[in-house]
Amino acid sequence: MGQGKSLELMRQAHTLSEKGRWNVVVGKPRSDEKAGGNIESRFGDGAQTTRRSVDVLIGPDDDARQLILAALARTAERAQSFAAIIDEAQFLSHTHIDQLRQLVDEDNVSVWAYGLRTDFQKNLFEGSERLFALADSAIDLSTISPELAICEGFAAEPCERKAIFNTRLVDDE
């Protein structure tokens with residue numbers, strides 16, 4: 001949260017598709033309802049929002065591979081390479097992640113999956129767990145949060161080191 005994952009995802013999709021050599025499909029789990037059929041990123045003071053429409057919404061019983069292949073086929077034109085970029089991948093199931101891996105191994109589709117590693121209690125999400133087991137590589141998008149980061153043995157003093165967990169506060173506690 002607040003790491004710029006969605007903004008980075010939109011930048012990646014734009015960069016890949018701008019020259020017309022890549023056919024890019026953007027997807028997310030249907031359960032992620034916060035922006036409907038879009039991906040949103042708020043930045044600055046929160047007043048600025050960037051939005052991109054989603055090509056594929058993946059439901060709990062859907063075959064992610066087939067949905068993505070169908071979307072790629074609709075827009076294949078003259079692309080030389082194919083990519084699927086997935087937002088909120090932590091909410092996908094193990095089966096969905098296996099289907100994304102099939103896209104890479106069997107269909108020659110590059111897949112980038114963006115999401116959180118753990119919940120606020122430091123438990124791996126189901127999708128994240130499977131992604132880390134199957135991914136060729138993983139890149140942390142980190143943020144520095146001097147107001148909220150807790151450092152040096154969990155002392156409640158703000159610091160300016162890499163933030164790796166988020167915290168939920170209720171009534172400022």
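Two strands count as paired if DSSP finds at least two bridges between them. Helices (H or I, at least four residues) and strands (E, at least two) are taken as DSSP runs and numbered from the N terminus. The model looked at here is predicted, with local features needing pLDDT of at least 70 and side-chain atom pairs counting only at pLDDT 80 or more, while totals for chains, interfaces and linings use all residues. Residues are numbered from 1 along each chain as its sequence is written, and side-chain values use heavy atoms, with hydrogens and water left out.

Start with the sheet. It is an open one, built from four strands in the order β4-β1-β5-β6, with parallel pairing. β4 (56–58) and β6 sit at the edges, each pairing on one side only. On average, neighbouring strands are turned by 25° against each other, direction ignored; axes here are lines fitted to C-alpha atoms, for helices over the stretch in contact, and angles run from 0 to 180 degrees between N-to-C directions.

Now for the pairings inside the sheet. Strand β1 (residues 22–29) runs parallel to β5 (residues 81–86) over six bridges, and Trp 22 stands opposite Ser 81 of β5. On to β6 (residues 109–113): β5 pairs with this strand over five bridges, again in the parallel sense. In that pair, Ile 85 faces Trp 112 of β6. Getting from β5 to β6 takes the chain through helix α3 (residues 94–107), in a right-handed β-α-β crossover (with the strands pointing away from the viewer, the path from the first strand over the helix to the second runs clockwise).

Then come the helices. α3 lies across β4, β5 and β6, at about 145° to β6, where contact means heavy atoms within 4.5 Å. The axes of α2 and α3 come within 8 Å and cross at roughly 50°. That makes α2 oblique to α3, given that angles under 35 degrees count as roughly parallel, over 145 as roughly antiparallel, 65 to 115 as roughly perpendicular and the rest as oblique. Where the two helices meet, α2 brings Ala 64, Arg 65, Ile 68 and Leu 69, and the residues on the α3 side include His 96, Leu 100 and Asp 107.
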